[in-house]
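Hi,

Here is the structure I promised to pass on. Have a look at it first, and then read on for what turned up.

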Amino acid sequence: MLKILLAVPYPSETSGLIEFYRRALIALGHEVQLVPICQRHSFRDRVRHQVARLSYRGLPPDWHGEALIQAADRFQPDLTIIGRGERLLPEPIRYLRERSRLGCINIYPDSPLVIPGAGAVGMLPSLAEYTCVYTFSRALVPVFHQLGARCARWLPFGFDPEIHRIPSAIDPALQSTVAYLGAWGPLQEAWLEPLAPLGLGIYGPGWRHARTDSPVRAAWREGRGTGPEMAAAIAGADMVFNMVRAEHGCAHSMKTFEIPACGGFMLTNWTEEQAEFFEDGKHCVFFHTREEMQEKATYYAAHADARMRIAAAGHAEAGKHPYTVRAAQILKDCAA
């Protein structure tokens with residue numbers, strides 16, 4: 001049994017990817033402690049983040065990680081895992097790496113270039129201190145090396161069986177012909193508009209920013225279908241539209257595995273990485289263009305048997321990718 005310290009940026013971020021890893025590591029029989037790097041997300045920090053976003057500059061590393069270091073001194077971990085943590089200074093990372101028998105690694109769930117270039121460059125000294133940086137995209141491995149990482153490895157997303165599963169019951173308010181789960185963006189809005197006539201349900205924040213004349217506005221089910229309702233929103237749809245976005249390198253997304261794990265029929269843009277995990281027409285349905293997307297959505301809306309067959313096969317295939325498999329790979333790497 002290993003003692004593993006998991007770090008998230010703020011106390012409010014005790015859900016999502018690092019929480020999935022926490023449960024996976026416990027399921028593998030290890031002792032895990034979750035700790036926030038920064039104790040509070042202050043008003044000043046929120047203002048600084050907004051200014052940095054609007055000026056296309058990332059915030060420079062300025063966290064000394066005192067709470068994290070104190071937790072490590074008390075817990076004496078064999079391994080420390082940092083989730084994101086762009087603002088951690090090099091010194092605390094070095095301390096944690098030397099303090100932990102198997103080192104200190106980073107699991108980075110986004111493209112570092114989504115943080116504008118100036119912010120990404122600020123990460124160079126800190127990235128060099130990690131034992132290894134894990135990225136969800138194979139194409140980002142050389143990017144992290146360029147940004148200073150001494151070691152970078154590809155680690156795909158997966159699914160959490162406690163969260164991503166076929167629900168026993170579905171609220172009728174969460175049923176739709178086509179569902180989309182994600183935040184608003186102009187690109188997402190443009191791609192979803194042709195699907196609106198089929199019966200679209202949109203779940204996620206920010207869709208009030210859609211154009212006033214856009215048909216997607218009426219499809220937004222504000223406050224529904226996220227968090228504990230996500231699985232029901234997926235299972236309650238005839239098909240689920242997924243778009244692996246350009247700013248993340250068109251690799252794969254967390255929903256690549258979460259949609260089929262929840263029993264959903266996934267209609268998604270073709271990417272090389274998604275095609276490594278799922279076969280087109282067998283486990284999901286891929287599209288390349290908006291015209292192809294609309295054509296396939298219309299076809300499968302009218303062919304329930306084909307949808308159900310593909311959704312069942314996708315569910316079985318997704319079952320090969322729980323986060324316990326990903327966590328075991330990390331531990332194998334660290335022990336090598």
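Let's begin with A237, which sits in strand β9, residues 237-242. Is A237 buried or exposed? A237 has a relative accessibility of 9%, and since anything under 20% counts as buried, A237 is buried. Leaving aside residues up to four places away in sequence, A237 touches S176, T177 and A179. S176 is 61 residues from A237 along the sequence, yet their C-alpha atoms are 4.7 Å apart in space. Do keep in mind that this is a predicted model.

Now for the chain as a whole. It has 336 residues, and 54% of them count as buried. You'll find 15 helices and 11 strands in it. If you take the contacts between residues at least 6 apart in sequence, 67% of them join residues at least 24 apart.

I26 and T324 make another pair to look at. They are 298 residues apart along the chain, with 9.1 Å between their C-alpha atoms. I26 belongs to helix α1. With a relative accessibility of 40%, I26 is partly exposed, because that label covers values between 20% and 50%.

Next, the inside. The largest nonpolar core has 77 residues, and the members that touch the most others are I4, L68, L79, I82 and I330. Which helix gives the most to this core? That would be α1 (residues 17-27), with 6 residues. There is also a second, separate core of 26 residues, with A196, A219, L267 and M293 among them.

L79 is worth a click. Not counting residues up to four places away in sequence, the partners of L79 include K3, I4 and L5, then S100, L102, G103 and I105, and also I330, L331 and C334.

S100 lies in the loop that runs between α4 (90-99) and β4 (104-108). What does S100 touch, not counting residues up to four places away in sequence? The answer is P77, D78, L79 and T80. The side chain of S100 also has a polar atom 2.9 Å from the backbone oxygen of L96.

L96 takes us into α4, where P90, P92, I93, L96 and R97 are buried. What covers the buried residues of α4? The cover includes α3, β3 (79-83), β4 and α6 (124-127).

The last stop is how α3 and α4 pack. Two packed helices are described by the angle between their axes and the distance between the axes. For α3 (residues 66-75) and α4, the angle is about 10° and the axes are 10 Å apart. Angles under 35 degrees count as roughly parallel, so α3 and α4 are roughly parallel to each other. On the α3 side, the contact is made by L68, I69, A72 and D73, and on the α4 side by P92, Y95, L96 and R99. Sorted by class, that contact has 6 nonpolar and 2 charged residues, and no polar ones.

Best wishes

Terms used:
Residues are numbered from 1 along each chain as its sequence is written. This is a predicted model: local features need pLDDT of at least 70, side-chain atom pairs count only at pLDDT 80 or more; totals for chains, interfaces and linings use all residues. Side-chain values use heavy atoms; hydrogens and water are left out. A nonpolar core is a set of buried Ala, Val, Leu, Ile, Met, Phe, Trp, Tyr and Cys residues joined through side-chain atoms within 4.5 Å. Buried means under 20% relative accessible area, exposed over 50%, partly exposed in between (1.4 Å probe, protein chains only). Helices (H or I, at least four residues) and strands (E, at least two) are DSSP runs, numbered from the N terminus. Contact means heavy atoms within 4.5 Å. A polar contact is a pair of N or O atoms within 3.5 Å; within protein, one must be able to donate a hydrogen and the other to accept it, and residues adjacent in sequence count only if both atoms are side-chain atoms. Axes are lines fitted to C-alpha atoms, for helices over the stretch in contact, and angles run from 0 to 180 degrees between N-to-C directions. Angles under 35 degrees count as roughly parallel, over 145 as roughly antiparallel, 65 to 115 as roughly perpendicular and the rest as oblique. Ala, Val, Leu, Ile, Met, Phe, Trp, Tyr, Cys and Pro count as nonpolar, Asp, Glu, Lys and Arg as charged, and the others, Gly among them, as polar.
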